[in-house]
Amino acid sequence: MYKLGLKLWSTNTTDYFQEAKRLFDQKVYEYIELYVVPNTISTLEKWKKLQIPFVIHCAHFAHGFNLAKKEKKNENLRIYNEAKIFADELNAKYIIFHGGIDGDINETAEQLASFNEARALIENKPFRALPNKMNGEFCRGYSVDEIAIVMEAAGCGFCLDVGHAICAANSLNVERYSFVRNFLSLGPKMFHLTDNTDINSEYDSHPHLGEGQLDLDKIKNMLPKGAIITLETVKNEKNKLDDFVNDTVMFKSIVT
């Protein structure tokens, strides 16, 4: 059986919080992947009360974390240490990291290795950063080769984001599903899944499953049985997770 996860942010202590507990009790999903916004340690005690399995996602470039830039090293360490506290206190299985924007993949590898974090997973990214949002042009960790550099240096695992891989394949002008399949050679520990609004786009999007152009049958056939999969689809309402429930139903209905 697949293990499905709900993506929330550490700031979601009012919106979605009670719904998350209710749906977990109803066995709609198996864990929360919690994105730790910097400077939100004060929310930790409330998350501990849920007594739900957690995966932690370290803050990324949008919140000042960029492993690819040497000049960001001190700030990166500070932000990581906050994520580590969440992971320790919530007994998280993994901590997911992005490789950064622009910069150098070898710097990404070196900084992640310096954390000496046994729970670390590096996540693959699109080739191009979102325009007008990321204050940079190129993502680090867009290819099998770049992810392998980080895994070898840091001794970490890998989180395969399917949508990111599709976007990178479009940028590189290669067959998109073969490009996704090539990442499986790295033995991903877990997966991120959304649909893709425009299957030909270089830019990431997070529509609900079945509302985009991704061949979900083909993707699900690639996933190993028992895979840990965070559904990173958008949330349409402030205090309800009905759309997330629909995504879990859609995923489970796909015939493999």
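How many disulfides does the count come to in this structure? Taking a disulfide as a pair of cysteine sulfur atoms within 2.5 Å, the count comes to zero. Before we look at the cysteines themselves, a word on the ground rules. This is a predicted model, in which local features need pLDDT of at least 70 and side-chain atom pairs count only at pLDDT 80 or more, while totals for chains, interfaces and linings use all residues. Residues are numbered from 1 along each chain as its sequence is written, and side-chain values use heavy atoms, with hydrogens and water left out.

A relative accessible area of 0% makes Cys167 buried.

Now for the charged side chains. The structure holds 16 salt bridges, each being a side-chain nitrogen of Lys or Arg within 4 Å of a carboxyl oxygen of Asp or Glu. One of them joins Lys238 to Asp15, at 3.6 Å from N to O. This pair links distant parts of the chain, 223 residues apart: Lys238 sits in the loop between β8 (228–231) and α9 (242–253), and Asp15 in the loop between β1 (3–9) and α1 (17–25). Those labels follow DSSP runs numbered from the N terminus, with helices (H or I) of at least four residues and strands (E) of at least two. Lys238 is exposed, with 58% relative accessible area, whereas Asp15 is buried at 11%.

A second salt bridge stays within one helix. Asp88 and Lys84 meet at 2.9 Å, N to O. Because they are four residues apart in helix α3 (residues 73–89), about one helical turn separates Asp88 and Lys84. Asp88 is partly exposed at 36% relative accessibility, and Lys84 is partly exposed at 30%. What else are these two linked with? Lys84 and Asp88 belong to a network of salt bridges that also takes in Glu117 and Arg119.

Finally, have a look at Arg140 and Glu146. Their salt bridge has its closest N and O atoms 3.1 Å apart. Arg140 is buried, with a relative accessible area of 11%, and Glu146 is buried with a relative accessible area of 11%.

Note on methods. Buried < 20%, exposed > 50% of the residue type's maximum accessible area, 1.4 Å probe, protein only.
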